[in-house]
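Biologist: Hi, could you put the model up so that we can go through it together?

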Amino acid sequence: MKISPVLNTFTRVVIATTLSLSLAACTKKSNNASQDATQNAAGDTILVGEVGSMTGSEGTFGTSTHNGIDLAFKQINAKGGVKGKKLALISMDDQGKPEEAATAVTKLITQNKVAAILGEVASSRSLAMAPIAQQYKIPMVTPSSTNPKVTEQGDYIFRVCFIDPFQGTVMAKFAAQNLKLKRVAILRDVKNDYSVGLADFFTATFTQLGGTVVEDQAYSSGDTDFKTQLTNIKGKNPEALMVPGYYTEVGLIARQAREAGIKVPLLGGDGWDSPKLTEIGGVAMNGSFFSNHYSQEDKAPNVQTFVEDYKKIHGVAPDGLAAMGYDAAMVLVDAMNRSPDLASGNIRAALAATKDYPGVTGRITINEKRDAVKSAVVLNIDNGQFKYQTTINP
Amino acid sequence: MIEFFQHVVNGISVGSTYALIALGYTMVFGILQLINFAHGEVFMLGAFIGMYSSRYFGFGEHPSLWALLAILALAMVGCAIMGFLIERLAYRPLRRSPRINVLITAVGVSLFLQFSGQLLFGSDPKFFPQVFQPSGDWTLGGVRFNPLQVIVFCISIVLMAILQTIIFRTRLGRAMRAVSFNHDLASLMGIPTNAVISYTFMLGSALAGAAGVLVGLIYPKIEPLMGTMPGLKAFVAAVLGGIGNVTGAVVGALTLGLAEAFVVAYYAPTFRDALAFIILILILLFKPTGLFGTRRTEKV
């Protein structure tokens, strides 16, 4: 009986020592993560991590992007891979939640030791991931996060798409110059950085070009009833309604706008790009316009080859996000090929030097802010189909 | 001025969707003094049963009033079965436990259904087939009415009347009121208490199922988490009208709908969801019995 307190103390010491040792090991591990990643790349495969919203309310964003990346990797591996090594993709689902995206990217870097990260689609989730990738100095290429803040997180963060100012500007130019409109109303999603960014830059350019924003109303993502805002908008008789939100709400907004008697076209950005848009919105979406990264009707041979290859594997035509995923993967591969070795610093430098890469979403040049400079297309929704309308250059 | 009346119409139309959900909520509370937080999820299940059954029968391509009535019936039966199962499996074993245990279980059932829904249906939004499309718009002096929402408004008034009749004019209703008054005494008088409680749950859940189909028809985007906010709003509406009071629930829901429309129209759209809970807090502070509640006298 007397011995037990002694044993207890002894046990405690053992536990304490083990704990502190393992803690020390953990800290050491994370410090060396980027080094380990390079060592891992010295094997016969190159691991690349992908974080996307495969499920959740924006599920089609993640799955389309994944299909695009998947196609790119299959094609590269069929041609012998990169520097004689095969590419392997590790995909993580963040369910559309920023906190899950942060956990996923940490796991990919510290446990899977990936050489680079592809993702996310949504700016809010890329913003959660970017500081982590930057901290471990692992290059991260986002296919389609258009909020300017994303690449401002550090010099390891890149994107292959244009940024919100440009999309807002494109739609403002399109409204003022192509459609010759003077009076436009805005209905923005105040919970969404992307939507607010587009609305602000639209307003700036549109007023500069001589137009007036007659009404600026707001909603929160997740709302289902917009009739009150639309009643206020109808009172101002706009010639078009700019709704820079995600397809989840835009379909309902279009329906309710038509019910409220607003017959004018709706304008939007790449957040509309989903088959669910016309499924939910139905005929109410017809005659509306949105800016996007690419059109599958583009006659350029590389685009048509991509569309054919994608259809062969996935059975459907690629949407814009699939094309962006494909380009993000291809730009990363291109940088790995040009880089002298697979150390993360060298991949980063090669990415930053990307110039005139002929992607399926246009020629991609990475500027000093690590953003892609490229043209945008405007699509028209005609009878439920997305038709190519025009290309607007930077 | 036309805009003002349009806001009133919009507010009433949102309010009548809350009313449909609030009816079942308030009835279950009236009989059992149990706040069934899973009610919003039964509403969600109603919408999904409606969606899958109309896809199965191809009603989306051939819209008609009969199609709507058929899927309404299916959703109501499906939800009644769900309500029965929830009560039998989650609440009945706790009949003799303190009320707080049942309340926490209700929250648990609600979360369980939300996340099972995500697993089963997938969490991306689904399109609800337009099984019934009344033609054209109705306008009155520049104010527009969506015919569907007029129908929903009428249905919620009719359901309210039916509920009142069931509760105050039938044998089952009398048994419900007896159980509500005193469980033990009711069973001593030969009332099958458990059966009466099951009926109450099935009736309330069937109402939620009907609400799911009708809301899905008006806002044709449904997802497994769609029940959370409307469920809470309906709860606030029920408390506002005096929880346990059927007429109060409808009046409370319409008041809440109107208040929301005015806040969005003249103040800030982002304040819409906060408003409901400010109303809840104010009611609990200053008139805990609600607009129509008088302590234990008009309890259903």
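**A walk through the model**

Biologist: How many helices and strands does chain A have?
Modeller: Chain A comes to 13 helices and 15 strands. Helices (H or I, at least four residues) and strands (E, at least two) are DSSP runs, numbered from the N terminus. Keep in mind that this is a predicted model, where local features need pLDDT of at least 70, side-chain atom pairs count only at pLDDT 80 or more, and totals for chains, interfaces and linings use all residues. Residues are numbered from 1 along each chain as its sequence is written, while chains are lettered from A and ligands numbered from 1 in the order in which they are written.

Biologist: What percentage of chain A is buried?
Modeller: Of its 394 residues, 56% count as buried. Buried means that 20 or more other C-beta atoms lie within 10 Å of a residue's own; 12 or fewer is exposed, in between is partly exposed, and C-beta atoms are placed from the backbone.

Biologist: And what share of its contacts join residues at least 24 apart?
Modeller: Among contacts in chain A between residues at least 6 apart in sequence, that share is 68%. Two residues are in contact if their C-beta atoms, placed from the backbone, lie within 7 Å.

Biologist: Let's move to the interface. How many residues of chain B are in contact with chain A?
Modeller: There are 22 from chain B, in contact with 27 residues of chain A. On the chain B side, helix H1 (2-32) and helix H10 (246-266) are the elements that give two or more residues. H1(B) gives the most, with five residues.

Biologist: What classes of residue are on that side of chain B?
Modeller: Nine are nonpolar, seven polar and six charged. Here Ala, Val, Leu, Ile, Met, Phe, Trp, Tyr, Cys and Pro count as nonpolar, Asp, Glu, Lys and Arg as charged, and the others, Gly among them, as polar.

Biologist: How many residues are in the largest nonpolar core?
Modeller: It has 209 residues, and those with the most contacts inside it are Ala133(A), Ala22(B), Leu23(B) and Ala237(B). Such a core is a set of buried Ala, Val, Leu, Ile, Met, Phe, Trp, Tyr and Cys residues joined through C-beta atoms within 7 Å. Helix H8 (residues 193-218) of chain B provides the largest share of this core, 16 residues. Domain 2 (37-161 + 299-371) and domain 3 (165-292) of chain A both give residues to this core, so it lies between them. Those bounds come from an automatic or database domain assignment.

Biologist: Which residues is Leu23(B) in contact with?
Modeller: Leaving aside neighbours within four places in sequence, Leu23(B) is in contact with Leu159(B), Met160(B), Leu163(B), Leu207(B), Val246(B) and Ala249(B).

Biologist: New topic: what does Ser64(A) touch?
Modeller: Not counting residues up to four places away in sequence, Ser64(A) touches Asp319(A), Leu321(A), Ala322(A) and Gly325(A). Ser64(A) sits in helix H3 (residues 59-78) of chain A and is buried, with 28 other C-beta atoms within 10 Å. The C-alpha atoms of Ser64(A) and Tyr326(A) are separated by 9.7 Å, although these residues are 262 apart along the chain.

Biologist: Is helix H12 of chain A mostly covered or mostly uncovered?
Modeller: Mostly covered, as 17 of the 19 residues of H12(A) are buried.

Biologist: How do strands S14 and S15 of chain A pair?
Modeller: S14(A) (residues 376-382) and S15(A) (residues 385-392) pair in the antiparallel sense over seven bridges. Two strands pair if DSSP finds at least two bridges between them. Ile381(A) has Phe386(A) in S15(A) as its bridge partner, and Asn380(A) stands opposite Lys387(A). The hairpin has two residues between the strands, and Asn383(A) takes a positive phi near 55° there.

Biologist: What else is joined to S14(A)?
Modeller: Strand S10 (residues 289-292) of chain A is joined to S14(A) by four bridges and runs antiparallel to it. In that pair, Phe289(A) stands opposite Asn380(A).

Biologist: Where is the cis peptide bond?
Modeller: From Gly119(A) to Glu120(A), with omega near -15°. Glu120(A) is in the loop between strand S3 (116-118) and helix H5 (123-135) of chain A.
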